[in-house]
Amino acid sequence: MPAFIPTPAQLSQRFAAYLLGQTFTAADGTQVTLDANAPGSLEQVLAIVHGLSDAELYRYLRDWLLEMMPDTATIDGWLPRLGNMWGVPRKSATAGIGNVVFTCSQAVVIPAQTLLTVDGSVQWATTAEASIAAGASSSVAVQATSTGTTGNVGGNVTLTLVSPVAGVTSAVTDTQGIAGGAAIEDQQSWRNRILDRIRNPPAGGNQDDYETWATNAGATYVNAVRGWVGVGTVGVIVAMAGPTAPTDAEVAAIQTYIDDPSRRPVRANAVVVAAQVVPQDITLSITPDTDANRDAVQEAVDTYYASTKIGAKLLVSGLDAAIGAIPSLTSYLLTAPTANVQLAANQIAASSTIAWQAAS
């Protein structure tokens, strides 16, 4: 049972009751009983101060006991220590990675660390030297020079060389764009990974291990599938936050992380695969049909699909529960889907634009 924390008033009353049970001998030899309930007395002031100070001690001890527990620890308290104890460091902020297609009018050698930008506020640097023949185009790996989401950019975006290179006629992000830039890991995500490590300790390469490794490398959703391309192989299906499909660069980064000899079992053959994001069509009518309610429904549907896993079975009852929990709706009719949907082992669900129908 949880520990009872008395209020300052209760602690003051305890102090007063204790004093009333004690007898003191005054300087003149008389027996005196001190009453802390007497209004305006010094004893009453002492009782109040005692109650306040002891209540603060109770709260302090409670808070630090909670800090010692991994499910309630905070970043400003014991969470870093628990992460260190269990070998689960906090994920640092990451820089966006991807590929830029350079087109050249003459033979060009593009040095490593060649800088590109869109408007000067964010820059990307090539990560290796690239030789491109005259009249040819070539894809070159790049990485943002700063961490965070500002280094992410969509596909087919024209970039500009910070210092022009003779012969380069254009530099455009490939169709997948530059992705993977993220802020330092938030408290809840870190806590969840520590709890997962406690609940699922390393087991020499079982399903939980591969899911943990892929998550540590940046994936948000993971499904480790035994025998993906034959006996002795593991398919590590990954998707990023959203959910969104990872870019080739993100897949390669996760593969490199898992392939580190300190992690992957020696004889394991693991291949990281991008999940297929499958939008789910929804047809719905709501009452009252207002913009605010439509926004609330869309958010609830998005949240439901974001909570499902790769290869999950999508339940109509799950959608019903998500939509039915919106307090401002008096009624609704879910016309589609009408049956549960079983996703393939490499598929993850995402909501699409809802087809709204008039309420009957």
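Buried means under 20% relative accessible area, exposed means over 50%, and partly exposed lies in between, with a 1.4 Å probe and protein chains only as the basis. By this scale Gln113, at 54% relative accessibility, counts as exposed.

The model is predicted: local features need pLDDT of at least 70, side-chain atom pairs count only at pLDDT 80 or more, and totals for chains, interfaces and linings use all residues. Residues are numbered from 1 along each chain as its sequence is written, and side-chain values use heavy atoms, with hydrogens and water left out.

## Overall form

The protein has 8 helices and 20 strands; these are DSSP runs numbered from the N terminus, with helices (H or I) of at least four residues and strands (E) of at least two. The protein is more spread out than a compact globule, because its radius of gyration is 31 Å, well over the 21 Å that the globule rule gives for 360 residues. That radius is taken over C-alpha atoms, and the rule is 2.2 Å times the number of residues to the power 0.38. Along the principal axes, the C-alpha trace spans about 110 × 60 × 50 Å.

Of the 360 residues, 35% count as buried. The protein exposes about 19,600 Å², of which carbon and sulfur atoms supply 56%; accessible areas come from the Shrake-Rupley method with a 1.4 Å probe, and for residues only the protein chains shown count as cover. Contact means heavy atoms within 4.5 Å. Among contacts between residues at least 6 apart in sequence, 64% join residues at least 24 apart.

The side chains include 17 positive and 29 negative ones, and the centres of the two sets lie 10 Å apart. Lys and Arg count as positive and Asp and Glu as negative, while His and the chain ends are not counted. Each charge is placed at NZ of Lys, CZ of Arg, CG of Asp or CD of Glu.

## Strand pairing

Strands of a sheet pair through backbone hydrogen bonds, either parallel or antiparallel. Here two strands pair if DSSP finds at least two bridges between them. The table lists antiparallel pairs, each with a pair of facing residues.

| Strand pair | Bridges | Facing residues |
|---|---|---|
| β15 (residues 283–287) and β17 | 5 bridges | Thr283 and Ala336 |
| β3 and β8 (residues 137–144) | 7 bridges | Phe102 and Ser138 |
| β6 (residues 123–126) and β8 | 3 bridges | Trp124 and Ala144 |

Strands β17, β15 and β20 form an open sheet of 3 strands in the order β17-β15-β20, with mixed pairing. Its edge strands are β17 (331–336) and β20 (355–356), each of which pairs on one side only.

Beyond that sheet, Ala358 lies in the segment after β20. Ala358 is exposed, with a relative accessible area of 71%. In sequence Ala358 and Ile286 are 72 residues apart, and their C-alpha atoms are 7.7 Å apart in space.

## The surroundings of Gly96

Gly96 is placed in the loop between α3 (79–85) and β3 (97–104). At 0% relative accessibility, Gly96 counts as buried. Not counting residues up to four places away in sequence, Gly96 touches Val142, Gln143, Ala144, Gly151, Asn152, Ile178, Ala179, Gly180 and Gly181. One of these residues, Ala144, stands opposite Trp124 of β6. Gly96 and Ala349 are 253 residues apart in sequence, and 24 Å separates their C-alpha atoms.

## Backbone exceptions

Most residues other than glycine have a negative phi, and most peptide bonds are trans.

The peptide bond from Thr287 to Pro288 is cis, with omega near -5°, and Pro288 lies in the loop between β15 and α7 (291–307). The peptide bond from Ala336 to Pro337 is also cis, with omega near 5°. Pro337 lies in the loop between β17 and β18 (341–342).

Gln113 is not a glycine, yet its phi is positive, about 70°. Gln113 lies in the loop between β4 (108–110) and β5 (115–117). Asn156, likewise not a glycine, has a positive phi of about 60°. Asn156 is found in the loop between β8 and β9 (158–161), and at 54% relative accessibility Asn156 counts as exposed.
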